[in-house]
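Subject: Structure handover

Hello,

Here is the structure you are taking over. My notes on what was found in it follow below.

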Amino acid sequence: MSAVCGGPARTLRVPGRHGYAAEFSPYLPGRLACATSQHYGIAGCGTLLILDPDESGLRLFRSFDWNDGLFDVTWSENNEHVLITCSGDGSLQLWDTAKAAGPLQVYKEHTQEVYSVDWSQTRGEQLVVSGSWDQTVKLWDPTVGKSLCTFRGHESIIYSTIWSPHIPGCFASASGDQTLRIWDVKAAGVRIVIPAHQAEILSCDWCKYSENLLVTGAVDCSLRGWDLRNVRQPVFELLGHTYAIRRVKFSPFHASVLASCSYDFTVRFWNFSKPDFLLETVEHHTEFTCGLDFSLQSPTQVADCSWDETIKIYDPACLTLPA
C-alpha cells in the first residue's frame, strides 16, 4: 500500500490494463467498478474490473473482458448487480456481477468510440445516456434493445454525458467543440448551449446540492462552475492543474467540494467557496489519471485509476480533517 496524505491507499495493480474510469457502487460499501483498456486504449481489448476492499488492500471480485477498450462505466440505480460499460467499437455492454460470463446485452448503434455512459438517478425512470466520438448522444432504456432517441448538435467529439440528479429527463454533455450543453429528453433537443472554454472540454458534472450548478474541466487546465440561471460568466474558476483535466466530480457530502484528475498525474481537491480554493493535491500516480469517484457511503473515501496500471481507494487528508 502506498502512502498519501490522509493515510495508506488501498492499491491494486493490474498489469497490462490502463484505467479509464472508476465508479463506486451505490449499494455496496467499498465496491468499485473500473473500466480499463489494453495499450492505453489505442488498440487491444478492455476489461471491466469489480473490486472489493479487504484487509490487505483491494481484492478482485470479478472481471469481464470485452474485445475493445472500455472507456467508462456506470452502475444501475435499481439493481446492485448490474452495470453498463462503453467501448471503442461504438457499443455499450450490460453486465451482471452475479454471473461469471457476459455481457447480458450489447447495444451497438454509435459509429465511433463511446467515451461516456451514465445511468439516471431520478426516481421513476431507468434511462442511460451515452456520448460518442460520432458527435451524438443516445438515450437508452436498458430493457429495450435499441436506443430511444439520438441527440445531435455538438460539432465535435462528445467526451462526457451526465444526468441531472435533480431534474428528471435532463442531462448535460461536454464536447471537443468547447461547449457544455443542457438537454431535455421530453423536448428531444438542446435547452442551453454554453461556450464554456476556449479549449476541448473533457468532463462535466452536476452539483448534488444545486440543480443549477455544473462544473466543466478542459484541456486549458481550468475548472469552471456554471449557474444555469446566468451562463454569461462562470461563477468560479479553479486553476492549478498543469495539463488537461480528464475528469471532475462533485462531492456527494459537501456542497462546495469537488475533485479533479488530470494528465498531469495528480488528483486535486477543491472548495470553491473558500478564498484558498485548492484543498489538497494527491500525487500517487506516475501516468495520466483518468478515473475518479467519491464514495456514496463514506464522506472521506475516494477512488481513482490511472494509465500506470493501478487503482486506488484512499481517504485524502482534506476530507478527514475538520473543516
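A search of the whole structure finds 0 disulfides, a disulfide being a pair of cysteine sulfur atoms within 2.5 Å. Such a link is a covalent bond between the sulfur atoms of two cysteines. For Cys149 the reason is distance: its sulfur is 14 Å from the closest cysteine sulfur, in Cys170, which is too far for a bond. Cys305 is in no disulfide either, and its nearest cysteine sulfur, in Cys34, is 3.7 Å away. Cys149 is partly exposed at 22% relative accessible area, whereas Cys305 is buried at 0%. Here buried means under 20% relative accessible area, exposed means over 50%, and partly exposed is in between, using a 1.4 Å probe and protein chains only.

Before the rest, some ground rules: this is a predicted model, in which local features need pLDDT of at least 70 and side-chain atom pairs count only at pLDDT 80 or more, while totals for chains, interfaces and linings use all residues. Residues are numbered from 1 along each chain as its sequence is written, and side-chain values use heavy atoms, with hydrogens and water left out.

Next, the cores. A nonpolar core is a set of buried Ala, Val, Leu, Ile, Met, Phe, Trp, Tyr and Cys residues joined through side-chain atoms within 4.5 Å. The largest has 16 residues, and those touching the most other members are Ala172, Leu180, Ile182, Ile194, Trp206, Leu214 and Leu228. At least two residues of this core come from each of strands S16 (170-175), S17 (180-184), S18 (189-194), S19 (201-206) and S20 (213-218). Strands are DSSP runs (E, at least two residues), numbered from the N terminus. A second, separate core has 13 residues, among them Ala22, Phe24, Leu49 and Ile313.

Then the largest pocket, which holds about 790 Å³ of space. A pocket is found on a 1 Å grid over the protein atoms alone, as an open set of points where a 1.4 Å probe fits, with protein on both sides within 12 Å along at least five of seven lines; lining residues have an atom within 4 Å of a point. Grid points are joined across faces, edges and corners, and the volume is the space filled by probe spheres set on the points. Which of the 44 lining residues are closest to the pocket's centre? They are Glu23, Glu77, Asp118, Trp119 and Gln121. Elements giving two or more residues to the lining include strands S3 (18-24), S11 (114-119) and S27 (289-294).

Finally, some loop residues. Pro103 sits in the loop between strand S9 (91-96) and strand S10 (105-108), and the peptide bond to it from Gly102 is cis, with omega near 0°. Two residues other than glycine have a positive phi: Cys221, near 75°, and Phe265, about 75°. Cys221 lies in the loop between S20 and strand S21 (222-227) and is buried, at 18%. Phe265 is in the loop between strand S24 (257-262) and strand S25 (267-271) and is partly exposed, at 31%.

Regards

Note on methods:
Helix = DSSP H or I, 4+ residues; strand = E, 2+ residues; numbered from the N terminus.
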